[in-house]
Structures are given as C-alpha cells and as structure tokens.
Amino acid sequence: MKKFDKDRALLGLAAPVLAVLGGLIVTGLVLLASGKEPFHAFHLMLTYGSKSDSQVYILNKATPYYLSGLAVAIGFRMNLFNIGVDGQYRLAAFFAAAVGGSMSIPGAIQIPVIILTAMAVGAAWAAIAGVLKVTRGVSEVISTIMLNSLAGIVIGYFLQDGRLGVTDKLALTTSTKPLPSGSHLFNFATQTDAVDGFIVFAGVAGLVYWFVLSRTRFGFDLRSVGRSESAAQAGGVSVKKMIVISMVLSGAMAGLVGMSTLLNESYKYSTEFPTGIGFTGIAVALLGRNNPIGIAVGALLWAFLERASNGLEFEGYDKEIVGVIQGAIVLAVVIAYEVVRRYGLARQQRQVGAELAAAGSVQKQEVAA
Amino acid sequence: MANHDIAITVRSGTVHALVGENGAGKSTLMKILYGMQKPDEGTITVNGEQVAFGDPGDAIARGIGMVHQHFMLADNLTVLENVVLGSEKAYGIGARARARIKEISDAYGLGVRPDALVEDLGVADRQRVEILKVLYRGARILILDEPTAVLVPQEVEALFENLRELKAEGLTVIFISHKLGEVLSVADAITVIRRGTTVGDADPKSTTAKQLAELMVGSELPSPETRESTVTTEPMLTVQGLRMSDTDSDGVERIVLDDIAFTIHKGEVLGIAGVEGNGQAELVEAVMGMRALNAGVLTLDGRDISRTPTRARREQGIGYIPEDRHRHGLLLEAPLWENRILGHVTERPNSRGVLIDPGAARRDTERIVREYDVRTPGIEVTAASLSGGNQQKLIVGREMSHLPKLLIAAHPTRGVDVGAQAQIWDQIRAARRDGLAVLLISADLDELIGLSDTLRVMYRGRLVADADPATITPEELGSAMTGAAAGHLVHEQGAPQEPAGEPEPAPPAVPKQLAPEETAAEKAGGEDR
C-alpha cells in the first residue's frame, strides 16, 4: 500500500516541477530570440532574489498572494471558479479601512473589528455570485467578473472627499482616514525591513483551510461536490447550499487578502492600494494544487519572480520577461496537471489490474498444488 | 482489466457471438478491434490483410463499425442529420444522403424514417438508427456491444430479424452478450471469453445454454430465485398520489411521474419493470429526495418524509444502490475509504460530531473489502481503478453496513460478473429476511421475476400493470412494458381484470395477453436454469 502513496506523492510533485521547468524553457527561448543570454538572466534573478532585503520583500508580498490563493482554492475544491477575489478583497479592504479609520478604541478590539469587517464585506460580495448561481443559474465566472468592476465603481464612488475619503492637500491624493496608531499590527523587525505580522494570520488561515477541508464533515461534503456533484447530491449533500456557503467562505478568505497591506503597511486605503492580487491568487492556487503547503510555495515563487524582475531591470534586461515566465508557468501548469492526472489514473488502473492478476495466478497455483 | 492471449476468427457473412461474464474483457477486446484502444501485442487481420488501428477512423476505413451499448445520437436532430453527422463527405447532406438512407433501410429491413426527430424515437428505433449510421459509413463488419440490454423480448426478436437480413447480404456481425439464450438463437458461431482470454469456441447447434454457462464461468450460473416468502403486513414505504413534472430546456413541462401509488412491506421486494426512460429513474429520485415532488405523500416506517431532505432520509434508513454508479454512487478519483464515507458522512463510524474519523472509516472500509469480497490491493487506491463489479460490491457493502430499512436497488447487478451477482442477490435476500423492504428496478427481467415478491410495470410515468412473479413470464411482462398490456397480468388464462382506480383512460385495445411460447420463454430465461 505504501508504494501507491509514494508514487502518488511523486506524481503530485511532478506537475508543478514540470510546469516551472516549462516556464523557464519558454522564457529562455524568448530571451534567446531577443538576442539576450538566458542563463545570465536566470543567474541574476537568483542572486538578486535571494538577498536578505529581497527575502523580506518576498515574504511580505507572498502573504497576500497566499491568502488570495487560499480564497481561490476554496472555490476550486468545489469546482467553482471565483475570479472575483480581486473585487472582493479590494472592497473588503476599503470598507475595513473606512471602519478602522473612523474608530479609536484599543487595538486589541479594533484590529479584530477591522479584520472581521473585511471578511464580512468580502463574504457578502462573493455571496451575490453564489446566490445568483443557485437561484438564476448565472455562471459564477461571469458574475464575479462583473462584480469585480462593480467593486471598483463602488470604491470610486465612496473614495471621495466628503464621503468616506479625505483628500491630502499636499499630495493631492484621496484616501480613507488613516487608522489610529493603536490599530497598527505588530511586525517582526529584521536587519533590513520588517516582516509583516499578518503573515501569522495567513499561516493560521492555511491551517484552518486544511483542517476544515480534510477533517470535518463539512469539508468532506464540499470536496465531494467538487469531485462529483451528482454523487454528492445522491449522498445527501445539498449542492445549492454548498455553492452559496463555499462562495461565502471564499469571499471571507478574500477579505483577508488586503489586511497585511492595511494593518502593516499603508494603514489606509488609497488609490495606491495594490490591485490584481485576486488574479495572482488564481495562478498561485493552480500552481499549489489547492494544497495549503503547495499554495504557500506557489505564493513564494510568485513573489520571488516579481522581486527578481527588479534585479533584471538594473542590468538592462526588460522586466517584462518575468511576466513571460509567469504566464508560461500558468499555461504549463494547466497542461502538466491534466497530463499527470490522466497518467496517474491510467497507471493506477494498470497497477491494480496487475496486482489482482498476480494474486489470481497465485491462488490458481495453490489450488492446483 | 486487460486481455491476454486472445485468439478469435470471425468468418465473413456470419453472426459471431462473443460471450463472457461481465468484466471478462469483451468490451476491451471490442475497443481494440474498433481502434479505441491499442493492443500491447498481437495482430489483427481483416480480409487477409494485417492491420493496425490508431483510432476508430482507421477501423471505419477498413469497414468495421461499432454500435455502442449507449447510443451516441443527438436527440434534437433528425435521423437524417444524425446519420450524416461527421460523414458529410460521403453523400452530402441533402437529397443524395436521404436516398442512400432509404436504400440502406430498405435493403436490410430497418424501417428507418429519415425525417423523424431522434427524441421522438423509442429505444429499438434508436438502435436501428445506430446500425444504419454504421452501414452508411460503409461498414461490412458490425460490432454490437450488448445490443439487447435495453430491449424488451419482442424488440430483441425484431433486432435478430435485422441481423439475419444483414447476414443474408453478406455482412459480418460480431455480437457481444452475456445472455446465453439470445446468443444461441441468433449466432452462427460462439467464442467464450473468461478472465480476459478466449477459453473456447462453441457451435450453437450442438451446445446448450448450460454448457455455455459452464464454459463461461467455469461453474453453474446462479439463479435470482427467491424461495420462501418473508413478506409481512407492516408497511415500510407507502407512496400515495405521487406526481412529478420536468421542465426541459425549451421550457416545456412534461409529466414524468403520474399518480404513482404503492406500498412496500417489511421483508418485501417490490420489482418495477419497464423499458428504461419510462420514469423509473425519476421514481428513485423522488424516493431519495433528490427532486421535489409536485404532489404526493411518501411515508417511511410511519413517518412522513415527503419534504425531508436526502441526507435525513438516508439517516432514517434508506439505502441506495444507484443505477449509474459512476454518476451517483462513487467519487471516482477519491480513495476507497472516502467512497465508504460518501452518503453516510453523518453516521458512525465515518464521523464523530462534526469531525471526520478517517481511522475508523479506513478500518470499516477494510472490513467491507473483506466481507464483500471487493478485489482490490488496498483501500487507498481510487475507486476508478476498480472493475465495475468490485465498485458495485463496495457500494452494496457500504449501503448494507448501515442496516437500511428500505433499500432502493436500481439495476443492482448491472455490469457485474456472475460471482458478484450471486453474492449481491444473496445479500439482498438475507437482509430481506431481517425485514428489509426493497424497491428493485431492473432491466434484467429474470432478476426482476426471480427476486421480487410483487411486480409492477411502469410505462410513461405510470404504474400500468401488476403481476405475480411466481407465474409471469418475461414475454408477458414485456408486452406490458411496451404499453401493449395493462391491468393485472395473469399467466395464460382468464380475462385480465382492471384493478380499481386504474388511472389510464381505458385504451380502445383490450389489454392483450400473449400466449407464452415455450421456446421464447426458454430463450430469455434459459440461462439461469
């Protein structure tokens, strides 16, 4: 029995490794085609990306990527494609920032209030897509894309002086009222920059994700729906209810994405607040195979590639080359998983057949003897 | 599972039957012959020429065509459109194609109407369209995979007429089946497959069903027959005035179940006969709570469950062996022990409180594997890697482990080998002795007649007839399944009496009784005696 497990683990690793290799090969070819030397570029990325200040940068970048990956993965586990993590986390961060900026109570209470606000807003925004899907049959892909742009519009409306925004007279930028200093989250000082304290929350979120999905009845139901909606329904799972619940959970997780920025870095929501992390989350979740540790690796890889692109720029390379790597990895990931999955299934079928045939012939011999 | 050392020679202009229990490797062999799967070694020779098929296209080019067990037709297209689909180059899509279809249809007596919509056709007509499709593509060798599985006895006879026509025109038919009576009546030559290898040839003129069966399984075939009656007077499931409608993609509402009423007592097996697609699947979904009722009351052991969700119904003691185990019974890519949890996630030993108990679930899976003889190297392999029969044994083991009060068994032994079939029948019988009520739906009329205490016939969403399994023959049941007979079916003698409250407005044709022909009865039922 052990053999099957080991093989499966190997097969599980094969896909992401193949994907990253595929991405690097494609990038190498692109570099060659543009007349540059690929190995030098890769070497540069590695040395620049592993410097100590880079390490801190990568950890801080990876934290929201990780949460975003988890949010997307909750949907993936259910066969739901929540493209709307992007809108969900921005809207959540915006309202959380507005709520946080308008209060001044001890941080021990206010920080949880801010975080819970963010989760609630993200959940509510995602729930719209879930409810539309079960009541009207609207594909969650379409509705979450729409909700992304709606989220941008809603933020644009409220982020104005006199509404929820305040304008900085000098810099001529509008943002929410900054959080009081009591609501700044702890961080870990290093020789260079500090590591965001929210990374601890991200770790806990990963742990909760793992526990709920693989150890609880609810998680089992959710995974069964993802594996076979019809079998889950026959098994007594209310598929519609699960769709709404998992969208809500995905949205609540998405609400956490902007929190490291808000609580550890910017302390306010302005037009400079990072965007697009929701889409990064899709790539990260794909790369990590919806596995909490895999997603962490994917998030770190993504952050590393982004950091390394800066190093390339200094040396006269085009930093867009990293975009090529990322794109190639995502494409390769999708292909590699399907290939490995099919290969794995066929292989196991053969192995089971072979083992049973072997057992059968032994039995026959015993009978004959 | 794989094939090995297969040697088979089919002479042209004959009907050659390939028999073997389910899972013996017949389908794999056919897939190889049709180019859907590649052999690891060995050669295929067609008309003296060695060939290698990369895909079905190569096989079609060589004049080999396949009629699949599950029809591959687009419902919303006409027969003509279905036939030309994918081979538009042959005769175009217009008048020439229509003429060619007529020509083929007349030549082999298929009676196909080119402009009928496929969705309006019955199963037998659809099958003829499939055959025509293959002939249209120029096939000279036809492979038919279990063509009789979905037909009632009368339709089987008509199909065999068609096959004889094809043979008379010099075509070759390879006919896969595990129904020995049918095989003996239509085949010119028989090859038996067991455990993935050919074990012998038989001459249908000099072989009996019994000899063939022994060749097939190496032992005598089991019989589904139930000996003593264990029916009690305590009702377990009562269904009253059940009505359900379905809205199709065009928004048209269609009644799929109408005025269904029956009672299953403790210790009783109620068999529902009927051609597939007459509402049996919907009835199962209604009892399982997978679809909402339009009207009607379901009572399980004295409790009204009409509005109870599926999970609560399962917790209250409904076990379910689904018709399509891949769609409704298993998580194919999950390991066996997770499949053991499926459907019973709230019950011990699978969970404690809100937490899954993987250890206990694994141990119990080991027990099911042992007690129900599921052939697997372990419980961590995915369900997809087991053969169909072993998957079914796992499902039966899982459902029986929770001591159901009512078991819904839809085609419980479909695609299951003979050994497993006997075992599943034994388990149902044993549980029935302990007061289990069973709703049995099956296309295998022998299984239905053998296992049931009471028989009802379903036709177009209604229960149109009932019969006593002790005396009824498959032919008599068959005529009610096609709508030709209704009411209480009596064997041979006596005018059939309409039971009170029969909802069907009396059709002009008096419910007709077929005089049972001994030969026909033997044909369909012979394999189990």
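How much area do chain A and chain B bury between them, and what share of it is on carbon and sulfur atoms? The two chains bury about 2900 Å², 61% of it on carbon and sulfur atoms; buried area here is the accessible area (1.4 Å probe) that two parts lose on being put together, summed over both. Arg217(A), Phe220(A) and Ala234(A) supply 23% of the area that chain A buries against chain B, more than any other three residues.

This is a predicted model, in which local features need pLDDT of at least 70 and side-chain atom pairs count only at pLDDT 80 or more, while totals for chains, interfaces and linings use all residues. Residues are numbered from 1 along each chain as its sequence is written, chains are lettered from A in the order in which they are written, and side-chain values use heavy atoms, without hydrogens and water.

**Interface**

In terms of contact (heavy atoms within 4.5 Å), 30 residues of chain A meet 37 residues of chain B. The rule finds four salt bridges across this interface, a salt bridge being a side-chain nitrogen of Lys or Arg within 4 Å of a carboxyl oxygen of Asp or Glu. Over all chains, the search finds 37 salt bridges. Some of them are listed here.

| Pair | N to O distance |
|---|---|
| Asp221(A) and Arg311(B) | 2.8 Å |
| Glu333(B) and Arg341(A) | 2.1 Å |
| Glu234(B) and Lys266(B) | 3.0 Å |
| Glu306(A) and Lys61(A) | 3.9 Å |

**Salt bridges in context**

Lys61(A) is partly exposed at 27% relative accessibility, where buried means under 20% relative accessible area, exposed over 50%, and partly exposed in between (1.4 Å probe, protein chains only). Glu333(B) is also part of a salt-bridge network with Glu338(A), Arg341(A) and Arg342(A). Glu333(B) is partly exposed at 37%, and Arg341(A) is partly exposed at 32%. In the pair within chain B, Glu234(B) is partly exposed at 43%, whereas Lys266(B) is buried at 19%.

**Nonpolar cores**

A nonpolar core is a set of buried Ala, Val, Leu, Ile, Met, Phe, Trp, Tyr and Cys residues joined through side-chain atoms within 4.5 Å. The largest has 108 residues, of which Ile190(B) and Leu477(B) touch the most other members. Helix 6 of chain B (residues 123–136) gives the largest share of this core, eight residues. A second, separate core of 92 residues includes Leu44(A), Ile111(A), Phe273(A) and Ala303(A).

Key:
Helices (H or I, at least four residues) and strands (E, at least two) are DSSP runs, numbered from the N terminus.
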